[in-house]
Amino acid sequence: MSTRSVAAIDCGTNSIRLLISSVISLDEDEVQLLDVERRMEIVRLGQGVDKTGAFAPEALERTFSALRGYAELMRQHGVEFGPESVRMVATSATRDAANRQEFVDGVRSIIGVEPEVISGDEEAELSFIGATAELEGEDDGFKPPFLVVDIGGGSTEFVLGYAGDEGTGVVRAARSVNIGCVRMTERHLTQDPPTAEQIAAATADIDAALDEAAGAVPIDEAATVVCVAGTATTVAGIAEDLPEYDSDRIHHTQVSAERTHAIAEELLAMSHDRRAAIGVMHPGRVDVIGAGALILDRVVSRTGVGGFIASEHDILDGIAWSLCLSEAPE
């Protein structure tokens, strides 16, 4: 048996997250991945990118500051800095930014590897593997095929497939579309709370993107919808009426379509202060949760499945599995 530590970093439009895992190789055919540390910080890397086409200097500094803290945690847990043990994936904001080289250079100087500017389809596949690694059996009632939906700050990923074990899966189709909680807030929901006209415009934009996604991914064939990332887990926490955010209780919570719609309507009607007072709400998500919940509501309604399962395991776990299954350094 051998053990090594790996670090997965997901840098999106709104947040940057870290997962440090212990990879335990029991034999040539059996590998286990155990959580050591999970962290998340709201950095708003995508601040203004939809309008300016470039990263704001203050957004870059917030991101680099968070990465410096993550690098220290990686050292504490014995992660070897290099591509065999560290992988950072950067998503939609990085694809859009004109000054992305400044971002790449800053990341390399802090953690020793460059961020991978992956395609939306690859992002969706990693999310699928991370979200479904625990769902390969049907004893828990979660039946395939699974549709994994990852609502980010700038984009939303859809991937349909069947779960495997030990970081594998069979993906039938995947598509990323440019709707996300930050993008929709900046583009449409500019008043607080937004007007009916603004909500209608955002809804039309979201539905058009869902039409695009459905052209590539047969979302109506899904038997189980698994939603990952902060919008879905926050809505699940609200549905459970939790006094504070509790990852263990939120993980695999099932939320009906009716409850999802009601929560979205409530969040869109609330003032900033009322949203901020919700126990499970992260301070960095207060401004964008209304748009995120609206996207979630439209997605769940479109699938016709009757609800969604919230998963705390997502693209971070998929990234960690990709490192887990790579060759360990000599």
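In strand β8, residue R175 is the bridge partner of F158. This pair belongs to the link between β7 (residues 156–163) and β8, two antiparallel strands joined by eight bridges. Strands here are DSSP runs of E with at least two residues, helices are runs of H or I with at least four, and both are numbered from the N terminus. The model is a predicted one, in which local features need pLDDT of at least 70 and side-chain atom pairs count only at pLDDT 80 or more, while totals for chains, interfaces and linings use all residues. Residues are numbered from 1 along each chain as its sequence is written, and side-chain values use heavy atoms, with hydrogens and water left out.

Strands β7 and β8 sit in an open sheet of six strands, ordered β8-β7-β6-β9-β11-β10, with mixed pairing; two strands pair if DSSP finds at least two bridges between them. At the edges lie β8 (169–177) and β10 (254–256), each pairing on one side only. From one strand to the next, the twist averages 25°. Helix α8 (residues 230–239) lies across β6, β9, β10 and β11, and runs at about 110° to β11. Such angles, from 0 to 180 degrees, are taken between N-to-C directions of lines fitted to C-alpha atoms, for helices over the stretch in contact, where contact means heavy atoms within 4.5 Å.

Strand β2 (residues 15–25) runs antiparallel to β3, and eleven bridges join them; I20 stands opposite E37 in β3.

How do the two domains meet? The domain assignment, which comes from an automatic or database source, gives domain 1 (3–121) and domain 2 (136–312). Their centres, taken over C-alpha atoms, are separated by 23 Å, and the contact takes 19 residues from domain 1 and 18 residues from domain 2. The area buried between them is about 1,500 Å², with 41% given by carbon and sulfur atoms; buried area is the accessible area (1.4 Å probe) that two parts lose on being put together, summed over both. Zero salt bridges are found across this interface, a salt bridge being a side-chain nitrogen of Lys or Arg within 4 Å of a carboxyl oxygen of Asp or Glu. On the side of domain 1 that touches domain 2, β3 gives the most, with four residues.
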